[in-house]
Every structure is written in C-alpha cells, then in structure tokens.
Amino acid sequence: MTEQNRVYADYGLVSIIMPTYNAYDHVSASIDSIMAQEYSNWELLITDDCSTDDTMAILSEYAKKDTRIKIFKNNINKGAGEARNKAIKEAQGRFIAFCDSDDLWKPEKLSTQLHFMASKGIDICYSSYLECDENGNNLNIVIAKKQVTYRDIIKNDYIGFLTLIYDTTKIGKIFMPTLRKRQDWAMKILLLKKCPQAYGITDTLAYYIIRKDSLSRNKFNLVKYNIQVYRTVLHYNRIKSLIMFLFVFMPNYFFKKLRIKIANQ
C-alpha cells in the first residue's frame with residue numbers, strides 16, 4: 001500500500017476519548033493536534049470533570065468550529081476514569097483511542113496505527129512516544145515493546161495510554177474501573193484479558209507531557225494505587241497484592257526505567 005493510500009484509506013470511525021479538569025492552559029494544543037490528523041474520520045468526545053477555570057469556554061468554542069467535537073460535563077468531580085467512561089458510553093466509533101488534555105499527537109498517528117492494524121489483523125495497537133517537559137523539551141523516548149500479553153501487563157504497565165487504540169468490533173467497549181488513579185493500567189489489564197495480545201509500533205507517534213506538579217505525587221501513588229489495582233481489578237487478597245507489587249511490579253518497573261535510560265544514551 002502506498003503512503004497516499006495509507007493516509008486516505010477509510011478504516012472506520014475513531015472515537016477519541018479525552019477527560020479535562022482545569023485544563024485551560026494546555027487543552028487547546030491537545031485538541032489542535034487531533035484536528036491536524038491526516039486521518040479525518042474521527043470524533044473527539046471530551047468530558048469535563050467539573051473544572052473551576054475557563055476550560056469549558058475553550059471546549060465550547062472548539063465544538064462550534066468542528067461538529068466532530070462533542071462536549072460532556074460532570075456536575076461533580078468524579079475523576080478521570082469516570083469522565084472517560086461517560087465519553088466511552090457515548091462513543092460511536094469502531095475504534096477507541098485516548099488522548100488526555102495535555103497529550104499531543106503527531107499528525108500521522110491515527111493513519112499509521114490504523115493501517116498497521118488493518119494490514120496485520122490486529123485488535124489492540126500502541127506505539128513509542130516522547131516524554132517532554134512543560135516547555136516542549138524532549139526528555140526521553142519510550143520505545144514500544146513489539147508485543148504485550150496479559151501476563152506482561154499484570155507485571156507492569158508497558159503500554160503508553162496516549163498511544164492506545166483498540167477495535168470494538170472484536171473486543172467490545174471496555175470501561176475503566178472506577179479508581180481515582182491508575183485506572184488506565186487497570187483498563188489495559190481488562191483489555192488484554194479479552195484479547196490476549198497487543199502489538200506495538202516503534203514509530204514515535206505522540207508526546208507525553210510531564211508536569212512538575214505531578215512528580216512528587218507519583219512516588220506515593222506508585223505504592224498505593226498499584227496495590228489497589230491488584231486488589232480491585234485482579235481480586236488478589238492483601239498479602240498477594242503486596243507480594244505482587246514488591247517482587248513482580250517493582251523489579252519490572254526498574255527494568256523498564258533502565259531500558260528507557262539505555263535507549264536514550
């Protein structure tokens with residue numbers, strides 16, 4: 001298939017799920033990166049999780065400019081998982097993809113992944129991505145593993161959520177567990193429980209922005225919420241959850257970080 005056919009082939013509607021909360025400073029860039037996609041058969045479903053700034057004003061302006069953008073709102077703050085679930089419920093697309101309000105996509109993201117999925121008969125796809133700071137400086141490249149299985153994903157999260165796309169005709173809609181944190185990893189566990197293998201593309205197709213205000217919380221959340229995933233999603237008891245975290249998750253986490261460091265030397 002030629003490059004032109006890859007770009008303009010219509011594989012079906014893609015529903016892009018985006019939660020927002022006080023995203024006034026950065027949501028425009030995220031939406032612009034979606035509107036710049038080479039692949040045009042998409043809908044963007046944004047659920048605002050009761051923002052207290054002017055996020056809704058920005059979202060309303062975009063919805064007026066492009067009918068593919070659909071806005072929903074939570075009356076009380078429920079967390080990103082609940083916000084995404086509201087959008088997933090309303091999604092009409094064959095494919096579901098995820099882009100948070102400070103993520104950025106390269107223009108070729110959807111066309112590259114959809115062509116890869118169609119040509120290989122794949123139901124779940126992800127890609128490499130770049131980690132950047134708030135000023136847009138590249139920090140690291142995170143290289144996608146060629147394959148991730150269910151056995152892999154319960155050991156650690158090996159799939160960048162901002163690159164994930166799956167085919168609902170094969171898997172159905174998967175909703176997020178209602179956890180305040182790490183619900184994205186929990187959802188990937190549920191996805192790979194239904195479809196035992198996901199496939200990665202080594203091309204870097206997105207930018208993950210690391211914000212200063214999230215760094216200090218991550219260390220604590222790594223313990224509390226990862227154990228919670230084992231308990232509530234996999235239904236492990238407290239002792240087994242702790243053992244999994246200490247002796248399975250953490251070694252794989254450090255190996256993953258070492259792999260990123262080596263790739264960026």
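**Exercise 1. Find where aspartate 167 sits, and work out whether it is buried or exposed.**

Step 1: Start with the secondary structure. Aspartate 167 belongs to strand S9, residues 165-167. Helices (H or I, at least four residues) and strands (E, at least two) are DSSP runs, numbered from the N terminus. This is a predicted model, where local features need pLDDT of at least 70, side-chain atom pairs count only at pLDDT 80 or more, and totals for chains, interfaces and linings use all residues. Residues are numbered from 1 along each chain as its sequence is written, and side-chain values use heavy atoms, with hydrogens and water left out.

Step 2: Check the accessibility. Buried means under 20% relative accessible area, exposed over 50%, and partly exposed in between (1.4 Å probe, protein chains only). Aspartate 167 has a relative accessible area of 1%, so we call it buried.

Step 3: Look for its partners. The side chains of aspartate 167 and arginine 94 make a polar contact of 2.8 Å. (A polar contact is a pair of N or O atoms within 3.5 Å; within protein, one must be able to donate a hydrogen and the other to accept it, and residues adjacent in sequence count only if both atoms are side-chain atoms.) If you skip neighbours within four places in sequence, aspartate 167 is in contact with Arg94, Phe95, Met117, Asp123 and Gly172. Contact here means heavy atoms within 4.5 Å.

**Exercise 2. Which residues have the most contacts inside the largest nonpolar core?**

Step 1: Know what to look for. A nonpolar core is a set of buried Ala, Val, Leu, Ile, Met, Phe, Trp, Tyr and Cys residues joined through side-chain atoms within 4.5 Å.

Step 2: Pick out the residues. The largest such core has 40 residues, and Phe98, Ile124 and Tyr166 have the most contacts inside it.

Step 3: H8 gives the most, with 6 residues.

Step 4: Zoom in on phenylalanine 98. Not counting residues up to four places away in sequence, phenylalanine 98 touches Ile17, Trp105, Tyr166 and Met187, among others.

**Exercise 3. Why do the buried residues of helix H3 lie on the same side?**

Step 1: List them. In H3 (residues 55-65), the buried ones are Thr55, Ile58, Leu59 and Tyr62.

Step 2: Find what they pack against. The buried residues of H3 meet strand S1 (14-20), helix H2 (27-35), strand S2 (42-48) and strand S3 (69-73).

**Exercise 4. Work out how S10 pairs with S5, S6 and S8.**

Step 1: Remember the rule: two strands pair if DSSP finds at least two bridges between them.

Step 2: Take the antiparallel cases. Strand S5 (residues 104-105) pairs with strand S10 (residues 197-209) over 2 bridges in the antiparallel sense, and tryptophan 105 stands opposite alanine 206 in S10. Strand S8 (residues 147-149) also runs antiparallel to S10, over 3 bridges, with valine 148 partnered by alanine 198.

Step 3: Now the parallel case. S6 and S10 run parallel, joined by 7 bridges. Here cysteine 132 stands opposite isoleucine 209 in S10.
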